[in-house]
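Here is a quick tour for someone meeting this structure for the first time. Have a look at it, then read on.

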Amino acid sequence: MLQISCPWCGLRPEGEFVCLGEAVPPRPDPAALTAGEWAASLANRANIRGLHAERWWHVRSCGRILTIWRDTVTHAIAPGPDGTAAPEAAP
Amino acid sequence: MTARRLAHGGIIERSQPLSFRFDGMELSGFAGDTVASALMANDVALVGRSFKLHRPRGFFGAGHEDGVMVSRLSPRAATNQLATVTPLEQDATYVSVSTWPNARHDIGAAAQWFSRLLPAGFYYKTFMLPNWHLFEPFIRGAAGLGRVPDPAWEPVSESRFGDCDVLVVGAGPAGLAAALTAARSGTSVMLVDDGEAPGGRLVLDGIDDGGWVSRTKAELEALPHVRLLRRATVWGYHEHNLLTVIERRPADAPDLDFRNWKIRARQVVIAAGAHERPIPFADGDRPGVMLASAARSFLHRHGVLAGERAVLFANNDSARGAALDLAKAGAAVTLVDIRPDAGGTAAAALAQRGVTLIAGGCVLRAIGSRRVKAVEMRHADGRLATLPCDLVALSGGWNPAFHLASQSREAKSVWHHDLATFVASHGEGRFRLAGAARGVFEAGACARDGMEAGQAALRAVDREGPAIDLPDLDDPFVARSVAPLWFVPPRRRRDKVFVDLSGDVTTADLGLALREGYDSIELVKRYTTAGMGVDQGKSGNVNVIGIVGALTGQATERVGTTTFRPPYVPVEFGAIAGARHKARLYPWRNTPLTDWHLARGAVMYEAGLRWQRPGFHPLPGEDWQAAASREARAVRNGVGVYDGTPLGKFQLKGPDVGKLLDLVYISDFGKVAVGRGKYGVMMTDDGLIMDDGVAFCLAEDRWLLHSSTGAADRVHAHLEQIVQVHRPDWQVSVIPVTTQWANATVCGPRARDVLAALEPDFDISRTALPFMGMVEGHLGTIPVRVFRVSWTGELSFELNTPARHAAALWEMVMAAGEPFGITPVGSEANHILRVEAGYISTGHEVDGTADPHDLGLGALVSATKPDFLGKHAMAMRRECDPERFELVGLLPSDPDRSVLEGAPLTPDGDKVDQEGFVSACVRSVALDRVIALGLLRDGRSRIGEVVHARIRHEIVPLRVVAPVFHDADRARVRS
């Protein structure tokens, strides 16, 4: 069971969260993409072995959706490759 | 009599005798015994049968490296309890498993005679034709261990959380020293040990510690920040230093079988010791053959001498200790050591104790079937001899127990030449290994190693730990200079050399697997099941790796190890579940009206997401169909009321609510006025319907959105992700209010009459409160929000009130409706009514593959909005694949023939790919016949055709019709 740091609540057990999967970028404007690009943005995920940016929803507590870097091999939650705690500005 | 209890020795309570039964025998033991030690003390050597071949088996180990299970019939039925770690209980009745009628006389033992026909992979090879599934039930019946306990089983386990700065695994010399070092610094420590009392090898091997163990135990027990768990095994090392621990018969709760701990530790010291491995030889699985460490452990821990005439067979020094101990306890001992120079400095000590040493000898075969009677051996000069014996004790070297380190995924196993086994290589981040678990075997060195590990753990939590006084321990014989011997090749082809007793795996099976091309150790393991049994290969796995290396001509270290995964020891699912049983695991959700429904004899259904709702309210003598039809007729002809509370409800607030609704719904929501609502279909961005519902505009910046009961959590997550992730610049909040509002939905042609009788302080006329209108006001003194929404195809008022008023409102409705024959309606009647009206349902027609056009909702799709969720994917999919399953009505040719919901529709009913399916089928009260809805390929263009539902033994013809059976122009809904 992971321990996940919520920006609002601090270090909390995984059971309070729901995983929302890979931290895909905010939904693009479909009009600006080709059909192929749009399909890829919907379906293609990196499925990384190693540091993986992912979203978790603190649904059984404050409701915050947060983004973390998690190593999919060791489960270590660590700063990302660029040194940031989260791969994007927290929503 | 060969195995017996000694008058002295062991950590049992001879003043507390316990009587028990095993396979019908009346026996006795002492408090402090395990089931295994008590059976040994009673000289019961044959205690079970092997899993596949039903060969007689006895105890091979004295702890978790053993695989003999027993079932306890009373007190508290429990199956598959590992006998070597299960505490003996007064008046308990145990039976052997994998046997019938019992271990001594076992019908299944006939399997041995056909063993040549039962090689690895036998079942899958033999029972392929015509079909594995034909044979599977019989094979499953013959295989397996004990029987599952009675269905009336109630949990006898509990769960607990724990946390500490330093968790120490194992209370041997290393673990005790680590725990004491850490504890003296004042930091919080948990010491988890699977023994009856701390001491580890110091107890099991009877090493004189000068009172150090009891002094250390007393000091630790006196410290408030230290917790000792005995009879407790760490079985999993999970992410972020969460360790799971199974505690058997907790000392503070004798009514519990197990307590399962989840402990978060900042630092872990793994001092789990090591497992001795055997030297496999022909028929070396006979009762009376065991590990040398097991014989030594039964002796020192339980005061049980495992045999009077012992042959020890070894390739390392550690067996000398066992030989001396057994001789001292009165056994006649012969030590057969494969090393020509085996005597060394210990020769004199052995001779003094009367131990016969045969250096350079090799044990070839065990003689005796239900119990070993002798061994056949070869002397160094090649001479064969037979040694009579009743105990064969094996030592093929020791395997450090670094399983937990491996489970952490931060350690790798590497070959250690001198110890002839694998040890762990790892960084020192969150755990460190100490003592035998990292290949340090000598007891005094273990204590020092443990202390240093304790100090290192303290440094990692920013503490200091001064050195402690270490005990002076005399432990001269440990497994160094091991001469690897992975197995003794059998002299006769028919002799079996078992390498894994739990799975009945022989050297021949390993050879077969390699010949058939399973050349990686991971494949050999899966094909032969070596290491996959009860003991998970704790003692045998390194031999398996060595043998695979020998057979393939590779160095052992090149073969590699299989992956270590939790659980380290067998753990019952019931122990993990603890008290989380049935509704305590996953509670029901009840509306404020559940009690009312139950008092009226309602049969309750789950409406989705664990919500309890009435299925139907039977009157005396009615079956479900009669009750459901009566309730549905009441709604069609008069008036009914149902509890709509479980419906998902979300309040959306903020200036950008309109943008959110226009993004998530397929229709335009911009033109909806305050006080009006709109039906909406919600798609995910992959262009498929997720849910449908209504949204009402309470104020410019405040909306109420209703979802299906079962989809409420999904819809919540969907909306939150849009608001928080995809459109964080929008000012909208999503507040789930499902349980805040109760809902009594009054429906039927007389619904307005009932509402009028409820003293509304608002206008309920058709013009003031039209279809899809809403109003806030009071019925008498009760505050309500009334929505004109219908899912029944009739005039309908959803009366929402804060949950605390629900019961009062419901009683009022029932009283006011009485003159009109108001009838409470359940899910079954709801289903009939919505199918007649042709309304779609999430989970039936909305099955995750349908888009709005498929379900005849194309008219709702906005033509003007440039974007909404699902728009683009839906367009792309329809362009690529215009042949879609479309919603149709279906009428069985026989009006009384109902069709199972979900039944496939296939061309002419042939056994070919389906062209659709029946999504719902009910007995209509409006048409007095069976009607159905379904999805059919190109269905809308096939109205009038006959299609076929393919059911198990029958093909049912159905005529395709429009998917509305009642009030097609919706005049009644809008009345």
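## Chain B as a whole

Two residues are in contact if their C-beta atoms, placed from the backbone, lie within 7 Å. In chain B, residues 24 or more positions apart make up 66% of the contacts with a separation of 6 or more.

This is a predicted model, where local features need pLDDT of at least 70, side-chain atom pairs count only at pLDDT 80 or more, and totals for chains, interfaces and linings use all residues. Residues are numbered from 1 along each chain as its sequence is written, while chains are lettered from A and ligands numbered from 1 in the order in which they are written.

Chain B has 24 helices and 49 strands (DSSP runs numbered from the N terminus: H or I of at least four residues for helices, E of at least two for strands). Its C-alpha trace spans about 110 × 65 × 55 Å along the principal axes.

## Where B meets A

Here, 20 residues of chain B are in contact with 21 residues of chain A. On the chain B side, helix H20 (712-726) and helix H24 (871-880) are the elements giving two or more residues. H20(B) brings the largest share, 6 residues.

Most peptide bonds are trans. Still, the bond from Ser74(B) to Pro75(B) is cis, with omega near -15°, and Pro75(B) sits in the loop between strand S6 (69-74) and strand S7 (78-82) of chain B. The bond from Pro566(B) to Pro567(B) is cis too, with omega near -5°. Pro567(B) is in the loop between helix H15 (556-559) and helix H16 (573-577) of chain B.
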